[in-house]
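Me: I have a model open and would like to go through how its chains meet. Could you take my questions one at a time?

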Amino acid sequence: MIEVKSLVKEFRIHQTRPGLGGAIRDLFRREYKTVKAVDHVTFSVEEGEMFALIGENGAGKSTTIKMMTGILTPTGGEIIINGYVPYQEREKYVRSIGVVFGQRSQLWWDLSPLESFRLLKSIYKVEEAAANAWLDRLIEELDIGSFVNQPVRKLSLGQRMRCEVAAALIHKPKLLFLDEPTVGLDVLVKQKIRDFLRNLNETEKTTILLTTHDVTDIEALCKRVLVMDKGKLIFDGKLAELKEKWGSGTEILFQFRARTTPDQLRAALGDLPCELIRENEYAIRVKIQRSQEMLPYVLSTVMSTFEVSDVKMSEASTEDIVRNIYSTDSEVAAHE
Amino acid sequence: MSKLYAELIRIRFLTMLAYRVNYYSGIIIYNINIGAYYFLWGAIYGGQPQLGGLSPEQMTAYVAISWMSRAFYFNNIDQEIAQDVREGKVAIEMIRPYNYLSVKAAQALGEGMFRLFFFAIPGILLVSLFIPFHFPTSLQTWGLYLTSLLLAFVINTEINLLTGVLTFFLFRNEGIMWAKRVMVDLLSGVTLPISFFPGWAQALLAFLPFQAINYYPSMIFAGAAGADKAAQVLLLQALWIFVLLVPIALLWRQAKQKLVVQGG
């Protein structure tokens, strides 16, 4: 459904020279610097997938989305989505997609959302009866019925955002792009939008692509995650794999009935690759890299050898992982 | 497709109605403009029967009608395009299955119709109570005038699209847009009828599209152009419409490639 092959986008940014002399020289001859915002990105997506594109500010996510939605023309590489090349057949292509930009409104500021929906219906030339039934469903599921008649400028951000989602879906697109859809929303509204998206994905098989900084969005919605850094795609896989690769692993805190030293524990566990940290005389923290297979082994071995009074486990959260990725960018780049 | 444009025109109508104060002050501004020019020209004539080939009565009609025409063809879509580009709103326009420039033109038409019906017509009726003003009596003149006015709208809109699309390349072109605004008012005959310009300037203006925007339709309305001349004028306007399409199409193709979305 989506095929992206070694996609490149370069921007020419004009450099201002310092001082008055520099400004005058800039009048005649400008210096430009070429910046690679997206650098040979390749991936493909199947129909009905729900996936997230994450990365720091300026990692190239938005530029990638803008190329995928036909707004920007790539400098190089190929994109084919729904059988179209977005920037070449833009007007035909955009009928098959819906886009929500969290930071820009596509509703008409002075009109009510209902008027906007009406206008969008004629823009997309949808069939009236089917479109009305679909719109009724959108209004009900997004719970926006009580304010669709008020001018957009009088709506709260949460109310407006739900209307934006409805507006992007008026023509029942097969593919929905959401660029930071939950920025600035409260927990309840976020929850409503997520539930709606999940339901949409299940019932209509809508493919959903999300860019976000909010890790809870990814956890709630996406199985697949793409991570971008400095224009490059540095990870493409399942959320679970992401945790394995960049998570700081799983930690198990054992509370023993008798005094136990890390050496005793080490003897019991053999040469299993793990880190033992002495918490106090009765407690030891075990750090393992992967939870798969290792966790049951550690638990059963320790419990059968020692008398354990309590066990606490903590898994690195997605948030920690994302923080890891963002903060160790140089190291991450070396992975590739 | 026509349903879409009808809807766009309707929406622009509605948004203009949303601000009532704008609407009332608009009527007053039109009256002040027409009134000011009327008295100014009265002083310039100072009792002379003719100036630049126009009698005081014809001049009165010319002033009123040139402002009425301006109400219809005038629009700020170049500034709207500039704003869309500067604020990155153009991204939203590009995800819609329509041609951005045609949509802007349709919105301009909606705005023009609003101004014509709600500013110009009430304004001119109000003005005609105070100053002597003769409407054309023949249906043919009305027909010719309205056709010419519609063509004038298209030409002016094309010029606005041109200056607007320049924003894609320059990012800040308020200067160009303001210069264009003053130039269009001066060279199209709103400020001064073209027949008042010196000979060499008139010869030069004949090669520019500006007088097709206001001077031609106003002359038809004021009865200063016969049927033959009127037909010639309409043909010239149509010619300009086609000529101006070329640079717009070229610039627009380049603009889409060069597009940079501001702000994230």
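Me: Is the crossing of α4(A) past α1(B) left-handed or right-handed?
Reply: In this predicted model, α4(A) passes α1(B) in a left-handed crossing.

Me: At what angle do the axes of the two helices cross?
Reply: The axes of helix α4 (residues 113–124) of chain A and helix α1 (residues 2–17) of chain B cross at roughly 155° and come within 8 Å. Angles over 145 degrees count as roughly antiparallel, and α4(A) and α1(B) are therefore roughly antiparallel to each other.

Me: Which residues meet there?
Reply: From α4(A), Leu119(A), Ser122(A) and Ile123(A) meet Lys3(B), Leu4(B), Glu7(B) and Ile11(B) of α1(B). By class, the residues of this contact are 4 nonpolar, 1 polar and 2 charged.

Me: Now the whole interface. How many residues of chain A are in contact with chain B?
Reply: There are 24 residues of chain A in contact with 22 residues of chain B.

Me: Which elements of chain A give two or more residues to that side?
Reply: Those elements are α2 (61–68), α3 (90–93), β5 (97–101) and α4 of chain A. The largest share, 4 residues, comes from α4(A).

Me: And how does the side of chain A that touches chain B divide by residue class?
Reply: That side of chain A has 11 nonpolar, 7 polar and 6 charged residues.

Me: Changing topic: what does the domain assignment give for chain A?
Reply: The assignment for chain A gives domain 1 (47–244) and domain 2 (249–315). Taken over C-alpha atoms, the centres of domain 1 of chain A and domain 2 of chain A are separated by 45 Å.

Key
Residues numbered from 1 in each chain as written. Chains lettered and ligands numbered in written order. Predicted model: local features only at pLDDT ≥ 70, side-chain atom pairs only at ≥ 80, totals over all residues. Axes fitted to C-alpha atoms, helices over the stretch in contact; angles between N-to-C directions. Parallel < 35°, antiparallel > 145°, perpendicular 65-115°, else oblique. Left-handed = near helix turned anticlockwise from the far one by under 90°. Contact = placed C-beta atoms within 7 Å. Nonpolar A, V, L, I, M, F, W, Y, C, P; charged D, E, K, R; others polar. Domains from an automatic or database assignment.
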